Amino acid sequence: MNWQCHPDQPHLNRRTVLVAAGIGVAGLVAAACGTGSDDDKKDTGPKKPKVSVAYTPDLASPDAPNPTDEFSVKASKGTFNPDVKLLNPQGVAVKGELSDDRTTYTITEPLGYGATYTWRGTAVGSDNLPVKVRGRFTTLTPDAQPNVVINVADGQEVGIAASLILKFDSTIDDKAAVEKVLKVTTTPETEGSWAWLGEDDGSRVHWRPREYWKPGTKIHLDAKLYGLRMGEGVYGAADMTSDFAIGRSQIVKAEASSHQIVVIRDGSTLMTLPCSYGEGDLDRNVTRSGIHVVSEMHEDFYMTNPAAGYF
């Protein structure tokens, strides 16, 4: 920096200039020392952990999840500690599984209806900074849960014309959804199908083979009904299974014109019995032609028909 003294400023001598120059330099030095930004002076506080946690279903969703939905928690840029879990309303951990890379924890059992569950645990990233696994959700509460009974009990042996029947105690609106989760497995393989019959104090669906069952056939029914939406606000109460078998072949042939009933077992005539068949004078008294399945057996069975004059 060059300084000049002007003749018209006699009071500004060399010493004054040097002093002024010294002040200027000091000022410049002071200014240089004070050029740091405000951000450099701020306290940055604790570091933000690298790891983040995401929940399925989303805890912020307004919709109550179905207890059979997928429930999991996933860590990004980090892993879970072994303490991760989902607690039921009683504070007991439900069954779950941690992935091999420890980034995903998945619930492995169905939850309950209308219950509140709580996530707990920790996740940590490569910076060793932990993040808590925290959150809760409440599963949906059905308006109704239809009861259903199966006509064939586990281990039972039935005849070659037997149908598999599921009887609900109320009307099922979404029959297609129900039929989709009903699986029949047979050994040997047998062709057959489901059919919904008329309402009878509730809906009923039958599975029948196309032809008579082969004696010795093994049948397994798997009905995944729990959590299934069967209509507006209506959900299945429980899964169901049934395992049964087909016994010997027995066919009873009845032909009105013969006035006989012929019992055929395993292809051979076992007995021939006389039968009147009645007159069939009224339409309601006519026995319909076709295959009829005998679905009950009683040693004694008492019937009455006052309209026909007998008791």
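**Entry 1: Thr186**

I started at Thr186, which counts as buried at 13% relative accessibility, because the cut-off for buried is under 20%. I am working from a predicted model. Thr186 has its place in strand β14, residues 182-187. I looked up its side chain next. It reaches the backbone oxygen of Pro188 at 3.0 Å. The side chain of Thr186 also reaches the backbone nitrogen of Thr190, at 2.8 Å. Then I listed what Thr186 touches, leaving out residues up to four places away in sequence. I found Trp213, Thr217, Lys218 and Ile219.

**Entry 2: the chain as a whole**

I stepped back to the whole chain. The protein chain has 311 residues, and 28% of them count as buried. I noted 3 helices and 23 strands. I also checked contacts between residues at least 6 apart in sequence: 56% of them join residues at least 24 apart.

How far does the predictor trust its model? The mean pLDDT of the protein chain is 87. I noted that 86% of the residues reach 70 or more. Residues 1-37 stay under 50 in pLDDT. For that stretch the model has 7 contacts beyond four places in sequence.

**Entry 3: the cores**

Which residues have the most contacts inside the largest nonpolar core? I found Leu164, Leu166, Trp194 and Leu225, in a core of 29 residues. Several elements give two or more residues to this core, among them β13 (164-168), α3 (175-180), β14 and β20. In soluble globular proteins, nonpolar side chains tend to be buried together.

Beyond its neighbours within four places in sequence, Leu164 is in contact with residues including Ile150, Val184, Trp194, Leu221 and Phe244. I also noted a second, separate core of 19 residues, which includes Val51, Ala75, Val94 and Phe137.

**Entry 4: Thr241**

I turned to strand β20, residues 240-246, where Thr241 has its place. Is Thr241 buried, exposed or partly exposed? Thr241 counts as partly exposed, at 43% relative accessibility. That value falls in between because buried means under 20% and exposed means over 50%. I looked up its contacts, again setting aside residues up to four places away in sequence. Thr241 touches Ile150, Asp154, His220, Leu221 and Asp222. I checked Leu221 by distance too. Thr241 and Leu221 are 20 residues apart in sequence, and their C-alpha atoms are 5.2 Å apart in space.

**Entry 5: an open sheet**

I traced an open sheet of 4 strands, in the order β1-β2-β6-β5, with antiparallel pairing. Which strands stand at the edges? They are β1 (52-56) and β5 (96-98). Each has a single partner strand, so one side of each is left without a neighbour in the sheet. From one strand to the next, the twist averages 15°. Gly96 has Ile107 in β6 as its bridge partner.

My last stop was strand β21, residues 250-255. How many of its 6 residues are buried? The number is 0, so β21 lies largely in the open. I looked up its pairing. β21 pairs with strand β22 (residues 260-265) in the antiparallel sense, over 6 bridges. I picked out Ala254, whose bridge partner in β22 is Ile261.

Methods. Residues numbered from 1 in each chain as written. Predicted model: local features only at pLDDT ≥ 70, side-chain atom pairs only at ≥ 80, totals over all residues. Heavy atoms only, no water. Buried < 20%, exposed > 50% of the residue type's maximum accessible area, 1.4 Å probe, protein only. Contact = heavy atoms within 4.5 Å. Pairing = 2+ DSSP bridges. Axes fitted to C-alpha atoms, helices over the stretch in contact; angles between N-to-C directions. Polar contact = N/O pair within 3.5 Å; in protein donor to acceptor, adjacent residues only side chain to side chain. pLDDT = per-residue confidence, 0-100. Core = buried A, V, L, I, M, F, W, Y, C linked by side-chain atoms within 4.5 Å.
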